[in-house]
Amino acid sequence: MTTLTQEQIDQFWRDGVLTVEDAVSAQELNALRGVFANWVEDSRGHEDDYGETLDGRARFDLEPGHSAESPALRRVQSPEEISDVYADVMRNARTVDFVVDLIGPAIKFHHGKVNSKLPGAATKVKFHQDFPFQPMTNDDLITALLFVDDVTLENGPLEVVPGSHKGPLYTHWHGGKFTGTVADEVVEAHQDKIVKCTGKAGSVCLMHSSLLHGSAPNLSDKPRTLYIATYYAEDAIELSENHLPSTLTHELIRGEPSGRVRCSAFDMLLPEKPDDTSFFAQQAAGEG
Ligand SMILES: O=C(O)CCC(=O)C(=O)O
């Protein structure tokens, strides 16, 4: 028995992306929102990135231009480590059932983060694929982007290129630097295929790790908050240092350990971990 229908499962493998409503309960959604609202309030008291994660990098990432009056908290790294609400959703929400239907039965946790676009903040995400940031022996690796707010055409929705997970892995290295983006020509070549993923709060967008995606700034007066958790098949092993390590990394979320490793064939340059708080700085450093 699966939670997703066969049609939804087929759609995911065909398009590399699937949005499903009601991935969390109303209670879970309210709790996620409440915790995040407190983090935004706290951010008003800071001028620079702050907090600390397992590898010493900051936990709370502020968009340039952030101020007490106009907070622009754009990222909370590994929220599950500091919030039972986020840890519980990561382990137990319906999202987990969906991911099990796609790459289960046994799945592990790779990393988690909140990406936020507060009204007035310029936060954008340049087009990239996730796999080149986090190569594993096989690509059964799913990014689950949970809509903590309603996501509309105006508030900076995720933009994806359906089917691109079946295409090449593009280089994210430019001018000798890992910029965490694909070349402008790659985006231009796919321009007419870009689809915006909108939906009501509580929906989840499940994305294959090789799918081309990005997102534009929030042009509305409503926030756009995503809780993003990445899961992988238990028989995949990481090939580079985890770029967002936490005490929960590699936790077995469902199923049993198999003692096996499965490999798929691919060829790519290894990524570089950001020195700064997150990939937002890597992407910005690659500009110009
Ligand atoms: O926040 C977004 O719109 C996209 C998130 C994303 O692609 C990422 O954080 O890797």
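**Helices, ligand site and loops in a predicted model**

The buried residues of helix α4 are T95, V96, F98, V99, V100, D101, L102 and I103. Buried here means under 20% relative accessible area, exposed means over 50%, and partly exposed is in between, with a 1.4 Å probe and protein chains only. Helices are DSSP runs of H or I with at least four residues, strands are E runs of at least two, and both are numbered from the N terminus. Eight of the 10 residues of α4 are buried, so this helix is largely enclosed by the rest of the structure.

Some ground rules. This is a predicted model: local features need pLDDT of at least 70, side-chain atom pairs count only at pLDDT 80 or more, and totals for chains, interfaces and linings use all residues. Residues are numbered from 1 along each chain as its sequence is written, and side-chain values use heavy atoms, with hydrogens and water left out.

Stay in α4 for a moment. T95 lies in this helix. At 5% relative accessibility, T95 counts as buried. Leaving out residues up to four places away in sequence, T95 touches A23, A144, L146, V204, L206 and Y231. Contact means heavy atoms within 4.5 Å.

Take L206 from that list. Its contacts, with neighbours within four places in sequence set aside, are F12, G16, V17, L18, V20, T95, F98, V99, L102, I142, T143 and A144. L206 also belongs to the largest nonpolar core, which has 44 residues. A nonpolar core is a set of buried Ala, Val, Leu, Ile, Met, Phe, Trp, Tyr and Cys residues joined through side-chain atoms within 4.5 Å. Which residues have the most contacts inside the largest core? They are W39, L73, L206, Y227 and Y231. There is a second, separate core of 12 residues, and V17, L145, L158 and C205 are among them.

Now helix α3, residues 84–92. Y86, A87, V89 and M90 are buried there. Seen down the axis of α3, these buried residues fall within an arc of 165°, so they line one face of the helix. The arc is taken from the directions from the helix axis to the C-beta atoms. What do the buried residues of α3 pack against? The partners are α2 (26–43), α4 (94–103), β4 (107–117), β6 (141–147), β13 (224–233) and β14 (252–254). At the start of α3, a side-chain oxygen of S83 comes within 3.2 Å of the backbone nitrogen of V85.

R91 is also in α3. R91 is partly exposed, at 31% relative accessible area. Its side chain joins that of E251 in a polar contact of 2.5 Å. A polar contact is a pair of N or O atoms within 3.5 Å; within protein, one must be able to donate a hydrogen and the other to accept it, and residues adjacent in sequence count only if both atoms are side-chain atoms. Beyond four places in sequence, R91 touches V96, L248, E251 and I253. R91 and L252 are 161 residues apart in sequence, but 9.3 Å apart in space, C-alpha to C-alpha.

On to the ligand. There are 13 residues around it, and N115, H128, H213, S215 and R224 come nearest. A residue counts as near if one of its heavy atoms lies within 4 Å of the molecule or strand in question. A polar side-chain atom of N115 sits 2.9 Å from a ligand oxygen atom. H213 also places a polar side-chain atom 2.9 Å from an oxygen atom of the ligand. For S215, a side-chain N or O atom is 2.6 Å from a ligand oxygen. On its own the ligand has 290 Å² of accessible area, and the protein covers 97% of that. Accessible areas come from the Shrake-Rupley method with a 1.4 Å probe; for residues, only the protein chains shown count as cover.

Next, the loop between β13 and β14. H243 lies in it. T247 is found in that loop too. Buried or exposed? H243 is buried, at 13% relative accessible area, whereas T247 is exposed, at 61%. The H243 side chain makes a 2.7 Å polar contact with the side chain of Q134. T247 touches L54 and E81, not counting residues up to four places away in sequence.

Last, backbone geometry. The peptide bond from G104 to P105 is cis, with omega near 15°. P105 is in the loop between α4 and β4. S78 is not a glycine, yet has a positive phi of about 45°. At 0% relative accessibility, S78 counts as buried. D22, also not a glycine, has a positive phi of about 50°. D22 is partly exposed, at 40% relative accessible area.
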